[in-house]
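Have a look at the picture first, then work through the points below.

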Amino acid sequence: MTAIPQKTSQALANRSIGSRLSGLLTQESVLALALVIISFAVTIVNPNFLAARNISDILSNSSYIAIAAIGMSLVIISGNIDISIGSLIGLLATIAGRLAIGAEAGGYPEIFAFIIPIVVGVASGALIGFFVAYLHVPAIVVSLGMLSVLKGGLILWTGGEWIYNLPEWFKFAQQRPLGIPAPVYLMISLTIIGAIWMKYSATGRAIYAVGGNREAARLSGISEKRIIMTVFMINGFMVSIAALLFATQFNAIQSTVPSGLELLVITSAVVGGVSILGGTGTVIGSTLGAVLVHVIPAAMIFASISDYWRQAVQGLLILFTVLVDLYRRNQQSYARRK
Amino acid sequence: MQAVKEQPEQQKSRFSETRLGRSLLSQETILLIITIIAITFLATQNERFLTLRNLSREVVLLFEVAVMAMPMTLIIITGGIDLSVGSIFGLSAVVLGFLWQDAGWALEVAIVASLVVGLMCGFLNGIFIVRLGVPPLIMTLATLALFRGMALGVSEARSARGFPEWFTDGIGRGDFLGLPLQVWIIGIAVVITGVVLARTTFGRSLYAMGNNELAARFAGIPVQRYKLVIYVYSGFMASLAAILFTARVTTTRSDMGTGYELDVIAAVVLGGTSIFGGLGTIWGTVLGLILIQVLKNGLLLAGVRGDATSVLIGIVLILAILINNFIQTRFRSV
């Protein structure tokens, strides 16, 4: 009789050790470890890799992708996807650039060049959210349509011209307060705010609930439609911040859609451990994912690997992290079943 | 009171349950009507539109997307997706150019090798999806980057040109019985894929897998083998499209086929195949392809720049799904 409770308590103890171990093996810690290992390996080959200037360049280049990936993570966690964000970034960057030149010529305050793109971005997110939440069109179809509309619309509007002569006050992303590029501050603060909000706010938890089991979420009193609207509007906001960084990083803007951005952002989120099936993932993971996706090509340059093979290595990396993630999840569900 | 109230609703649902009702209310019918209106309009605007010569030229223009849309329809019906077709297209083209120009292989052998590369790419997608359970969206997203990267790596951004005449003029711009070769190939592909999907155990099993994979497995359908087959088919067709495209444009570049995956998926979804799986026909996909090409052509005739078609296709895509959703919920769910 007494043997049974003993066994149970032993099993409980075993499981808690097991779950503590698998708790250490989160996607975030795996990513952080991968970042450290890669940096270490490349530094042995080429010590210049760890120079402060290089690190801050890598972080700065990855920050607009990381910020867009925060919004994308929320969308994917809620069980949806948005493949239109590359086109939206192109459109918003163009709007910002044209407004900046208009503001310089006089007529309206400079702040409009930043505010209006954000308003347009959030409105565009709200439109997608409305189609998905209220008209029940699958997100991949709405955003595919949106991609087509924005891409064609942008070229019709601008003819793909470059925007030159941007005023100095506009080049926000090139500033370096305390020696650190401005985009890095934005990336870090938005990641922290996003992580805390997703972990502790009711809406944040509701996003996980909707993505995990839509029907269960609805039955427990969560307004699934409102959550999906919110998620897409936040995504629109994050995309507009990303677009502003994208627009202000160089001295000119090409008013076409930068190709493959949406895939880079989705890759960052997925490498960061956001499950494409919805319901799991973190904002910190997606930001680490975005940094990793940028560290690899930079590391390859420093390790003198041919630039032509950069993208192939990036593809292998995605495949590898996805496999590690799958393996980890299988182990965990196996441990839970035991 | 109650019975009287219910009657009209019952009639409505009965109408939609009849064969005629079901086919009248399908997305294919709506598409067919839109397409006929668009074609009639174009024919009145330009008397040369409805000539055999012009129509076969249009088919040649939509050839690549149409060929890849065949396996994509099957894949989406099973609830999967293949984002890597554009990259397989690019890699096959580059391999063809590389083996022929840099490695000095005979062009015939290089063509076969390029097809094998396509098959292997599809096999890689399929085997990871069925054996390791990687979601198709993720797997093909990864291989989209991987295959494009390999194309870049193999070609080192150089292009191959100067293909022999039998390849460029004979295959790329060649006629067979008065029609371009592409028309014959796409015709054969449509008929075979359509018949296999609609009339064979294999085809019907794909619908079962898309509706409920677990149930399909319990019903004794070899789910894993069937899935592997359709992803391999997808790789093969992407490769075939790439070879004919290379023959037509007489050069290979590593960025060929970029973004094709979205054009292909748009045509399939516009054709009424549900992105959630379990629903769709080859007939619908063909209509989707025709409608997109007709819209492009119509706007060109109307003097609108080519970029506007992208806007219109996006709007038509969303509207078609909306109208279909509306009809389904209005007449079916009762």
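Predicted model: local features only at pLDDT ≥ 70, side-chain atom pairs only at ≥ 80, totals over all residues.

**Chain A as a whole**
- Chain A is built with 13 helices and two strands.
- Its radius of gyration is 22 Å, close to the 20 Å that the globule rule gives for 338 residues, so chain A is as compact as a globular protein of that length.
- Out of 338 residues in chain A, 45% count as buried.
- Take the contacts in chain A between residues at least 6 apart in sequence: 79% of them join residues at least 24 apart.

**Where the two chains touch**
- Chain A puts 40 residues into the contact, and chain B puts in 40 residues.
- On the chain B side, α8 (136–155), α14 (260–270) and α16 (307–332) each supply at least two of the residues that touch chain A.
- Sort that side of chain B by class and you get 27 nonpolar, nine polar and four charged residues.

**Helix α5 of chain B**
- Now for that rule: helix α5 of chain B (residues 63–77) has 15 residues and should span 21 Å, and its end C-alpha atoms are 22 Å apart, which agrees.
- There's a bend of about 35 degrees in α5(B) at B:M70, and a proline, B:P71, follows within four residues.
- Is α5(B) buried or exposed? 15 of its 15 residues are buried, so α5(B) is largely enclosed by the rest of the structure.
- After α5(B) comes B:G79, with a positive phi near 90 degrees.

**Helix α3 of chain A**
- Helix α3 of chain A (residues 52–77) bends by about 40 degrees at A:S63.
- Just after α3(A), you'll find A:G79 with a positive phi of about 90 degrees.

**Positive phi without glycine**
- Most residues other than glycine have a negative phi.
- A:H136 isn't a glycine, yet its phi is positive, near 55 degrees.
- Look for A:H136 in the loop between α5 (112–133) and α6 (139–158) of chain A; with 14 C-beta neighbours inside 10 Å, A:H136 counts as partly exposed.
- B:T250 isn't a glycine either, and has a positive phi of about 55 degrees.
- B:T250 sits in the loop between α13 (223–249) and β4 (251–252) of chain B, and is partly exposed, with 16 other C-beta atoms within 10 Å.

Conventions: Residues numbered from 1 in each chain as written. Chains lettered and ligands numbered in written order. Rg over C-alpha atoms; globule rule 2.2 N^0.38 Å. Buried ≥ 20, exposed ≤ 12 C-beta atoms within 10 Å, placed from the backbone. Contact = placed C-beta atoms within 7 Å. Nonpolar A, V, L, I, M, F, W, Y, C, P; charged D, E, K, R; others polar. Bend = angle between axes of the 7 residues up to and from the residue. Expected span 1.5 Å × (residues − 1).
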